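Subject: Structure handover

Hello,

Here is the structure I promised to pass on. Please open it and keep it beside you while you read.

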Amino acid sequence: MKYDYLIVGAGLFGAVFAHEMAKIGKNCLIIEKRNHIAGNAYTELNENINVHKYGAHIFHTNNKEVWDYINKFADFNRFTNSPVANFNGKLYNLPFNMNTFYQMWGVKTPEEAKAKIEAQKADANIENPQNLEEQAISLVGKDIYEKLVKGYTEKQWGRNCKDLPSFIIKRLPVRFTFDNNYFNDLYQGIPIGGYTKIVEKMLEGIEIKLNTDFFDDKEKWLNIADKIIFTGMIDQFYDYCYGELEYRGLNFEFETLNIENYQGNAVINYTDAETPYTRIIEHKHFENSDSPKTIITKEYPKSWSKGEEAYYPMNDEKNSELYNKYVELSKKEDKVIFGGRLGMYKYFDMWQIIDEALNLVNSLK
Ligand code: FAD
């Protein structure tokens, strides 16, 4: 065999894996079907602004090992995700916290806010939530649900909240402090210079073939290395023999504007049902980029069909069952290992992907 490892996909999973294996002298080849590395974390410099081409990517973790690891490849700024919600023109801070409750009801103390939420929960009197709407109301009451959850969630999933299963929302964190920091994690930030640079560093000295789809010459790629790390779609690998796994799609609409500051925040969610997009990202605010212009992205969730970019796995019962069948098939492989969000059919944050890749490396060493 020409290589120790063929890595299919130059996203974070493939890059961390290749980097670690190259470090211990393994001969790696990466093939990537897109014309760039870094997968969905890819950022591109435009107008002196690092644009997150596949949606806003904010690095956050509680895992010190992963944080130390990623900091070897970049310096991080101290960006704190504090999204704002726009409901029919009125602005609310997120996540749900004392600022939100003040904006919603004029309440000024945690006691008043708790009383408001408890009264609405009691009014709804839902003991055994049967759908997402009932679940959300039973957790946070009617006002927050109707203004900040309903429209956004329905756009996200393309279905009425009454027709969505309650398990999608297990918790709706409510904070009784004036704290707009979205994440509870200890570490958070944006890599200065963008994510692509991180992956470039990881892949220094490793052979990469861009614009190369594994399925265009499956036989050749299956026989080029001792082992294959496959971070593409697991159902496609098995020729959809049990059927297709389903995803939720996204459309990104980019605009460059001749103004310095469009919305004053990196992320604004549109939580009403009428606005067709779920959020607007203004990229320069991730890094305080110095530019006389600004670049924004509107995110439109959409249904997904085979061949399109797959974003969010639909981990419902039907798809989980299907995925498990593919896992059973994969257990028979002695050469191919599935990894990453598409190979494992699971939404992972970046820190989890790094953790998964490092664990795999350790198990193979
Ligand atoms: P990917 O990044 O998808 O990489 C897989 C690569 O494999 C791709 O480049 C693909 O082109 C390639 N590939 C697939 N099939 C083939 C084939 N047949 N042949 C060759 N190449 C192939 N995480 C966070 O921590 N914070 C965030 O704020 C955040 N925001 C997100 C926002 C959105 C809209 C989305 C969709 C995800 C977000 N994530 C976020 C998650 C993050 O994107 C993932 O954790 C990470 O990108 C997964 O890395 P990966 O290598 O598994 O997959």
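Predicted model: local features only at pLDDT ≥ 70, side-chain atom pairs only at ≥ 80, totals over all residues.

**Ring pairs**

The count comes to 29 aromatic pairs. Take Phe 59 and Trp 67 as one example. Their ring centres are 6.1 Å apart and the planes meet at 40°. Stacked means under 30 degrees and edge-to-face means over 60, so this pair is tilted. Phe 59 and Trp 67 are both buried.

Now take Phe 101 and Trp 105. Here the ring centres are 5.7 Å apart and the planes are at 15°, so the pair is stacked. Both residues belong to helix H3 (residues 98-105). They are four residues apart, which means about one helical turn separates them. Phe 101 is buried, and Trp 105 is buried too.

Some rings join into a cluster. Ring pairs link Phe 214, Phe 215, Phe 230, Phe 237, Tyr 238, Tyr 242, Tyr 326 and Phe 338.

**Charges over rings**

Look at Lys 114. Its charged end sits over the ring of Phe 176, 5.0 Å from the ring centre. Then find Lys 220, which lies over the face of Trp 221 at 4.3 Å from the ring centre.

**Helix H13**

Helix H13 covers residues 350-364. Its 15 residues, at 1.5 Å a residue, should span 21 Å. The end C-alpha atoms are 21 Å apart, so the two values agree.

Which residues of H13 are buried? They are Met 350, Ile 353, Ile 354, Ala 357, Leu 358, Leu 360 and Val 361. These residues cover an arc of only 155° around the axis, so they lie on the same side of H13.

Best wishes

Technical notes: Residues numbered from 1 in each chain as written. Heavy atoms only, no water. Phe/Tyr/Trp six-rings, centres within 6.5 Å; stacked < 30°, edge-to-face > 60°. Buried < 20%, exposed > 50% of the residue type's maximum accessible area, 1.4 Å probe, protein only. Helix = DSSP H or I, 4+ residues; strand = E, 2+ residues; numbered from the N terminus. Lys NZ or Arg CZ within 6 Å of the ring centre and 35° of its normal. Expected span 1.5 Å × (residues − 1). Arc of directions from axis to C-beta.
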